[in-house]
Amino acid sequence: MSRSSPVTIARKGAVSIITIDNPPVNALSQNVREGLMTCLEQATSDPETRSIVIHCAGRTFIAGADIREFDRPPEAPHLLDVVATIEACDKPVLAAIHGTALGGGFEVALGCHYRLAAADAAVGLPEVKLGLLPGASGTQRLPRLIGVDKALDMILTGNHLPAIAALEAGAIDKITTGDDLEAEALAYAEELIDSGPRRIRDMDVQPVDPALFDERRKIIAAKTRGLISPEKIIRSVELSTQLDFDKGCEAEREFSVECKESPQSSALRHAFFAERAVSKVLGIDKNTTKREIHSIAVIGAGTMGAGIGYASLNAGCELILIDNDDESLERGQKTIEGLYQAGVERGKVTNAQMDEGLDRLTISQDYADLRDVDLVIEAVFENMTIKKAVFGKLDEACKKGVILATNTSTLDIDEIAAATRRPEDVIGLHFFSPAHIMRLLEIVRGTDTSNEVIASSLELAKRLGKIGVVVGNCFGFVGNRMLYGYGRENQRLLLEGAAPEYIDKVLFDWGMAMGPNAMGDLAGLDVGYKIRQERTDLPDDPTFYRIADMLAEQGRFGQKSGKGMYLYEQGSRTPIPDPEVQEMINSEAQRLGVEQREISEDEIIERCIFALIAEGARILEDGIATRASDIDVIWINGYGFPRHRGGPMHYADTIGAEKICEALARFRKIPGLEYWTVVELLKYMEKNGTRFAD
Ligand code: T1G
């Protein structure tokens, strides 16, 4: 065994302990698999060894196969063979689990004859989140161990099962009583010497009603539209009830290879690593000072302010909610109480946590109450004059070292910071609605924002359970700047003859969480309208957001006013096409001289999605985003871009710069679409055959 193997073996009495030490998460890289085989052979052939423990060093048990290896041809030993070798061992093998035993890691544990877990450990088969299915016998073993229904629940959701629930389900045999896992594993392994091996492959799958599988298919069809691996999972588990163990594993293997090679899985794997890369920011590392944030003040008790406040309370912070009058403050407090109540009803929060959280909430109209806060998040009306006035007052009221953040979704951070004498402490923290749910936090660095403030904001994002993405300062930052081009194209397509419900259906079926017209009605057409009214750099194009402006001017703001692009029945969020709007669009197109024609689904997808790609490329040219994958993380987590397409920039790489440049040139020839100008970065990529990923 080469000295550098991450797998070692040591015998204590009659028990050999095989230890995996492959930081950060003991992934089953090739050298780990090889090391396991070598140690198993040693333990099996050692007459002094009468039982074996497999456990891991570091913060967790095996967190799965090494995902980075999936883009390379598979190397021996294959995980299925490693798991089979463990199970075939004629001495009892115990898995000692701490942290998370996930994917191939849990399959290794299922290859073991017994499983012991630390009380705070969890197990899971999250492959579906990567567009995969368990490929090392997990879909054949788990139904045998815990039954078909529970197995399908675990594998189709990919959720982690805490140790207690895993014990109840029969997925593990024992939970530690103390906090010395290794010692308890040693004792348990000695106990098991007389019990001998117990192989899951020899267990029968408890019979189930075959109709169960079609029921599951119906359920997932709606939930996981467009994904291929969920069906493969159901089929593989179904075969576990029809085939013997080895035949079932063969079928699973085929499905696994098919999924691994699918563009969907490649996109989902890209998203996995992209979301982990966002925390790597130039000039910021683990030595960068981070400011302590225990108390937060939110200025503005509206929907966003209250949502941000609730998220802050949930993260354990003290909260002061500030607004100009009692009515607004009471409304904000009621909103937060309502969010807590809803959390209790959904079992996400306990009554005790709600009471404790609300005890940390203070409402006030007085900026003097801000003297001890560590962070202020301004969430007032999207108007520069109002925001600058607020920051001027904060500069007076707050102690030195407070982070002054604005939740603006479009406005210039530097101009806001200029209203204070401490621009280095000013940063944009752009939350997405609903603020307590949406995982994305766009962290906008101003020209003077200090690295300390950025590092503290990244840490705060983690505490709030958000994905913090650091971006530069420009109109709309990354997300909304790209949304502008996407929305513009939608508006043009309406005038050119594509009905709003048609455009929405095409993009929804393509994978967007919601079509642009339904999304506009949800966000409120008045919000976009007011922002456009404030802008001084809008293009000289009479068709630019023309329909949206007309609707807003008629008071048709969307869901909040019962009608926008669509009609909404009282209390319903279901968009109903409105012939009046279609009539308005047709006559406005005529007035503007925009010829109406049949528009194909492909053209709608190309024009809307390529608008995102083109603006994304310009954002990279301007250095507003550090990496193309950051843009993907923003659109997947903030704008409902389909995760299984990897985000606009990853999607662009699946098409190639050549095709995209050809399409942009084609669009430019359509009368009125001259704004589809050449994007230098795309031109460069076309010429050099490079990708955004490069
Ligand atoms: N392979 C390679 N790298 C991994 C990895 C993995 N499986 N899991 C994590 N990392 C890296 C990650 O990129 C990051 O790197 C660092 O570890 C810390 O991760 C055959 C086919 C375990 C719950 O899907 O869910 O097994 O950025 O920041 O928040 O059936 O990581 O520091 O350079 O996420 O504490 C199935 C994936 C694989 C689990 C820890 N397994 N991992 O969360 O840390 S498919 C998974 C996680 C499979 C078999 C199939 C989480 C975690 P870097 P982190 P964390």
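Predicted model: local features only at pLDDT ≥ 70, side-chain atom pairs only at ≥ 80, totals over all residues.
Modeller: The residues of the shell around the ligand comprise 14 nonpolar, five polar and seven charged.

Biologist: How many residues surround the ligand, and which are the closest?

Modeller: The ligand is surrounded by 26 residues, and the closest are Arg59, Glu107, Glu127, Arg276 and Lys280.

Biologist: How much of the ligand does the protein bury?

Modeller: Taken alone, the ligand exposes 1,000 Å², and the protein buries 76% of that.

Biologist: Which elements give two or more residues to the shell around the ligand?

Modeller: They are strand E5 (100-102), helix H3 (104-111) and helix H11 (263-277). The largest share, three residues, comes from H11.

Biologist: At what angle do the axes of helices H13 and H14 cross?

Modeller: Angles over 145 degrees count as roughly antiparallel. The axes of H13 (residues 326-345) and H14 (residues 351-359) come within 9 Å and cross at roughly 165°. H13 is therefore roughly antiparallel to H14. Their crossing is right-handed.

Biologist: How are H21 and H22 oriented to each other?

Modeller: Angles of 65 to 115 degrees count as roughly perpendicular. The axes of H21 (residues 525-534) and H22 (residues 546-553) cross at roughly 110° and come within 9 Å, so these two helices are roughly perpendicular to each other. H21 passes H22 in a left-handed crossing.

Biologist: Where is proline 24 found, and what kind of peptide bond joins proline 23 to it?

Modeller: The bond between proline 23 and proline 24 is a cis peptide bond, with omega about 10°. Proline 24 is found in the loop between strand E2 (15-20) and helix H1 (30-45). Asparagine 26 is also in the loop between E2 and H1. Phi of asparagine 26 is near 50°, a positive value in a residue other than glycine.

Biologist: What is the peptide bond from serine 433 to proline 434?

Modeller: That bond is cis, with omega near -5°. Proline 434 is found in the loop between strand E15 (426-431) and strand E16 (440-445).

Notes. Residues numbered from 1 in each chain as written. Heavy atoms only, no water. Near = heavy atom within 4 Å. Areas by Shrake-Rupley, 256 points an atom, 1.4 Å probe, with all protein chains shown as cover. Helix = DSSP H or I, 4+ residues; strand = E, 2+ residues; numbered from the N terminus. Nonpolar A, V, L, I, M, F, W, Y, C, P; charged D, E, K, R; others polar. Axes fitted to C-alpha atoms, helices over the stretch in contact; angles between N-to-C directions. Parallel < 35°, antiparallel > 145°, perpendicular 65-115°, else oblique. Left-handed = near helix turned anticlockwise from the far one by under 90°.
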